[in-house]
Amino acid sequence: MGQLLRVMNFCVSQDGFAAAENQSLELPFGLPHPERLFSWAGATASWVGRTESGGTRGLDDYFTRDFLNNIGAEIMGRNKFGPQRGPWEDYEWQGWWGDEPPFRTPVFVMTHHPRPSFSLSDTTFHFVDADPATVLAQAREAADGKDVRLGGGVTTVREFLDADLVDSLHVAVAPVELGEGLPLWESPHDLEDRFHLEVIPSPSGVVHHLFWRR
């Protein structure tokens, strides 16, 4: 099937929101208690940030474990990298991800204000001012035959969906309502003109939506 562009473990509320608009350094998702959306993943045995033994197994753990499977590069929007807007004022600050980012691949950050690439552990961040198709071509070359993960945020995912570049999506719908914010969709059925859809509820209360191209 070639190199796929995959959205993986993307978390939204029951009313379709993935984040709010008032993002800041203190509020990366623009809303308080963002763990309401992704606590299902943090509870699993395979959660990348787990420091103690234990955690749940089963369906949620499968999706958490699959995050790195056959992924050779990631694409993200600038807002997923950090809260700065406009020209970069602080090159010393290197994103929310700490000294050991979880990506472990080249990461292509879409921005109108490129800056020099840098590496943290085994993750290298590249900053690209280009359209989705061009960024995807660069990421596929860097992925060396593996798939490319489209990491978000929601505006970036919508941009690639609108360009008809996404091959598969896994969206985890958390059992909460946010009421407002940045929506991924009005309904998951909005995408059924281009994708097959399978809906799988989990004992955690999260409902996993799996989309793949028709």
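**Exercise 1. Charges.** In this predicted model, find how far apart the mean positions of the positive and negative charges of the chain are.

*Solution.* Step 1: take the charged groups; the chain has 17 positive and 31 negative charges.

**Exercise 2. Burial and contacts.** State what share of the residues is buried and what share of the contacts between residues at least 6 apart joins residues at least 24 apart in sequence.

*Solution.* Step 1: 47% of the 214 residues count as buried. Step 2: of the contacts between residues at least 6 apart in sequence, 63% join residues at least 24 apart. Step 3: for the surface, the accessible area is about 10700 Å², with 51% belonging to carbon and sulfur atoms.

**Exercise 3. Arg6.** Decide whether Arg6 is buried or exposed, and find the polar partners of its side chain.

*Solution.* Step 1: Arg6 is located in strand S1, residues 5-12. Step 2: its relative accessibility is 12%; the limit for buried is under 20%, so Arg6 counts as buried. Step 3: a polar atom of the Arg6 side chain lies 3.1 Å from the backbone oxygen of Asn69. Step 4: the Arg6 side chain also makes a polar contact with the side chain of Asp147, at 3.3 Å. Step 5: beyond four places in sequence, the contacts of Arg6 include Asp66, Ile71, Val148 and Ser168.

How values were computed: Residues are numbered from 1 along each chain as its sequence is written. This is a predicted model: local features need pLDDT of at least 70, side-chain atom pairs count only at pLDDT 80 or more; totals for chains, interfaces and linings use all residues. Side-chain values use heavy atoms; hydrogens and water are left out. Buried means under 20% relative accessible area, exposed over 50%, partly exposed in between (1.4 Å probe, protein chains only). Contact means heavy atoms within 4.5 Å. Accessible areas come from the Shrake-Rupley method with a 1.4 Å probe; for residues, only the protein chains shown count as cover. Lys and Arg count as positive and Asp and Glu as negative; His and the chain ends are not counted. The place of a charge is taken as NZ of Lys, CZ of Arg, CG of Asp or CD of Glu. Helices (H or I, at least four residues) and strands (E, at least two) are DSSP runs, numbered from the N terminus. A polar contact is a pair of N or O atoms within 3.5 Å; within protein, one must be able to donate a hydrogen and the other to accept it, and residues adjacent in sequence count only if both atoms are side-chain atoms.
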